[in-house]
Amino acid sequence: MKRVVLKRAASRLSESQKPRRNSRGNRNSQFRTHNSEFIIPDSYRVGIGSDLHRLAPGRQLILGGVKIPFDKGPVGHSDADALIHAICDALLGAATLGDIGRHFPDTSPGWHNASSLVFLRHVGKLLDEAGYKIVNIDSTVGLEKPKLAPHIPRMVKKIASALRLKPGQVSVKAKTGEGLGAVGRGEAVRADAVALVQEVKS
Ligand SMILES: [Zn+2]
């Protein structure tokens with residue numbers, strides 16, 4: 001709907017008002033109308049990531065790089081940190097660099113019980129090399145028990161530090177499953193994340 005409105009607005013513009021190419025050759029979607037101006041730089045890109053791990057007794061519960069005391073933890077090849085895996089996928093997706101399985105295959109013995117913070121640091125480096133800077137990350141963890149709120153500030157700090165971001169660029173929220181589904185029955189941990197990145201390469 002918005003696209004149609006913008007297209008119509010563009011068709012009414014004179015040559016000097018039409019979108020121009022920026023220094024990188026990309027076209028900024030900039031339109032002037034009688035009483036408003038839209039600027040949608042094409043260099044911004046968004047990515048989404050989600051992850052789900054089964055919980056089992058005897059596994060360490062690690063989320064956002066923080067060890068949380070509990071009698072169950074996620075099952076996986078690495079430390080199975082669902083929050084960091086979802087964030088990695090959101091960042092890789094925003095930069096069209098594939099997904100976490102492509103960069104860290106669970107068939108590789110090198111990643112057995114690996115800290116997912118290693119993955120996150122590597123993903124940050126990949127984005128940097130590809131010419132993207134991270135604008136912000138938002139995420140939600142679904143876990144029935146235990147309460148995550150007391151641990152969130154440390155998770156934010158760890159994630160921000162691994163990506164060389166300010167804590168204000170990283171948001172972590174927590175929700176229970178309201179007793180429904182695998183999360184609600186305490187059988188799984190789920191995480192969803194979105195990331196906004198900006199192309200900075202010349
Ligand atoms: Zn995972």
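Reply: Happy to. In this predicted model, the largest nonpolar core has 44 residues, and the members that touch the most others are Leu83, Ile87, Leu91 and Ala195. Seven elements each bring at least two residues to this core: the helices are H2 (82–94), H4 (116–129) and H5 (152–162), and the strands are E4 (61–63), E7 (132–142), E8 (170–175) and E9 (188–199). H2 provides the largest share, with ten residues. As a general background, nonpolar side chains in soluble globular proteins tend to be buried together.

Setting aside neighbours within four places in sequence, Ala195 is in contact with Gly47, Ile87, Ala90, Leu91, Ala94, Ile134 and Ile137.

Five strands form an open sheet in the order E6-E3-E9-E7-E8, and their pairing is mixed. Its edge strands are E6 (72–74) and E8, each of which pairs on one side only. From one strand to the next, the twist averages 20°. H2 lies across E3 (44–57), E6, E7, E8 and E9, and runs at about 155° to E3.

E7 and E8 pair in the parallel sense over six bridges, and Asp138 has Ser171 in E8 as its bridge partner. Together with H5, these two strands make a right-handed β-α-β unit. E7, H5 and E8 are each among the elements that supply at least two residues of the core.

Finally, a word on confidence. The pLDDT averages 85 over the chain, and 79% of the residues score at least 70. Residues 1–11 have a pLDDT below 50, and the model gives this stretch seven contacts beyond near neighbours in sequence. Residues 13–25 also stay under 50, with 13 contacts beyond four places in sequence.

Key. Residues numbered from 1 in each chain as written. Predicted model: local features only at pLDDT ≥ 70, side-chain atom pairs only at ≥ 80, totals over all residues. Core = buried A, V, L, I, M, F, W, Y, C linked by C-beta atoms within 7 Å. Buried ≥ 20, exposed ≤ 12 C-beta atoms within 10 Å, placed from the backbone. Helix = DSSP H or I, 4+ residues; strand = E, 2+ residues; numbered from the N terminus. Contact = placed C-beta atoms within 7 Å. pLDDT = per-residue confidence, 0-100. Pairing = 2+ DSSP bridges. Right-handed = clockwise from strand over helix to strand, strands pointing away. Axes fitted to C-alpha atoms, helices over the stretch in contact; angles between N-to-C directions.
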